[in-house]
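Please open the model in the viewer and keep the selection panel at hand.

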Amino acid sequence: MLAFERKDKILSEIKKNKKVHVSQLAKIFNVSEETIRRDLDKLEKEGIVDRSYGGATLSQHTNEDLPYATRNVINVDEKKNIATKTTSLIKTGDSLIADTSSTVFEALNLLVREKENLTIITNSITAVELLAKFKVHLILTGGTLRTKSNSLIGSDAANTISRYFVDYAIISCKGLSMENGITDSNEPEAEIKNHMLKRANKVILVADSSKFDKNAFIKIVDISEIDYLITDQEPTHEWQQFLKEKDVTLIY
């Protein structure tokens with residue numbers, strides 16, 4: 001098994017069990033404990049895990065802002081599951097505005113293959129590299145480049161967004177709670193997402209089950225401001241009732 005494949009599987013183990021032990025992982029992957037320690041050290045440097053004696057847990061920092069390349073290998077199956085559900089809402093000829101999240105990227109990756117004549121506005125450099133290969137009407141916001149997330153932010157990006165009205169905004173988040181709404185780890189990108197949803201007839205939030213009952217650094221918007229929540233697993237009955245009261249359509 002290659003190192004990056006082992007890294008992805010280690011992340012899956014941590015997500016499933018909340019905490020992992022070096023000795024346990026060494027047995028699972030049939031490698032030395034020293035190899036596992038190096039893997040965990042790298043994940044800690046990337047801000048994904050917190051090291052503990054003999055093991056590691058998922059990082060709980062509310063303002064943690066992971067690089068796109070790192071986010072793109074976390075919960076991959078869940079993101080693809082969500083992406084397939086997102087395509088059911090979008091029709092040929094629709095206009096969209098999309099953020100820089102890896103979950104949204106997976107949705108766009110499917111949409112451009114299944115739907116024709118889409119207009120897509122985005123501040124994601126990574127998404128542009130994909131979308132330029134397909135027959136879509138593509139609008140890049142412009143703005144100041146955040147290299148960590150391959151995103152365009154700032155007043156220029158916001159001004160471009162303010163010129164358009166679209167059928168759907170597709171955004172993601174880092175945290176989702178009944179008390180504090182939809183939250184994210186980075187203030188400039190949270191502001192851009194807020195601008196995006198204000199320019200859309202309908203707002204789609206895509207968020208895997210790990211985001212529920214979590215609070216991140218800064219609030220994007222109240223849950224009542226979205227129209228659809230697409231996730232990978234059935235939420236609790238309490239969440240389902242809450243979303244119904246807020247008039248949010250749940251898809252899982």
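Begin by selecting residues 22-29, which form helix 2, together with residues 33-45, which form helix 3. In this predicted model, the axes of the two helices come within 8 Å and cross at roughly 110°. An angle from 65 to 115 degrees counts as roughly perpendicular, and helix 2 and helix 3 are therefore roughly perpendicular to each other. The crossing in which helix 2 passes helix 3 is right-handed.

Next, display the side chains at this crossing. On helix 2, select V22, S23, L25, A26 and F29; on helix 3, select E33, I36, R37 and L40. These residues make the contact between the two helices. Coloured by class, the contact of helix 2 with helix 3 shows six nonpolar residues, one polar residue and two charged residues.

Now widen the view to the whole protein. Select residues 1-59 for domain 1 and residues 68-248 for domain 2. How far apart do the C-alpha centres of domain 1 and domain 2 lie? The separation between these centres is 29 Å.

Finally, colour the model by pLDDT. The mean for the protein is 89, and 92% of its residues reach 70 or more. Select residues 68-73, where the pLDDT is below 50. Beyond near neighbours in sequence, this stretch has 20 contacts in the model.

Conventions
Residues are numbered from 1 along each chain as its sequence is written. This is a predicted model: local features need pLDDT of at least 70, side-chain atom pairs count only at pLDDT 80 or more; totals for chains, interfaces and linings use all residues. Side-chain values use heavy atoms; hydrogens and water are left out. Axes are lines fitted to C-alpha atoms, for helices over the stretch in contact, and angles run from 0 to 180 degrees between N-to-C directions. Helices (H or I, at least four residues) and strands (E, at least two) are DSSP runs, numbered from the N terminus. Angles under 35 degrees count as roughly parallel, over 145 as roughly antiparallel, 65 to 115 as roughly perpendicular and the rest as oblique. A crossing is left-handed if the near helix is turned anticlockwise from the far one by less than a right angle, and right-handed if clockwise. Contact means heavy atoms within 4.5 Å. Ala, Val, Leu, Ile, Met, Phe, Trp, Tyr, Cys and Pro count as nonpolar, Asp, Glu, Lys and Arg as charged, and the others, Gly among them, as polar. Domain bounds come from an automatic or database domain assignment. pLDDT is the predictor's confidence in each residue, from 0 to 100.
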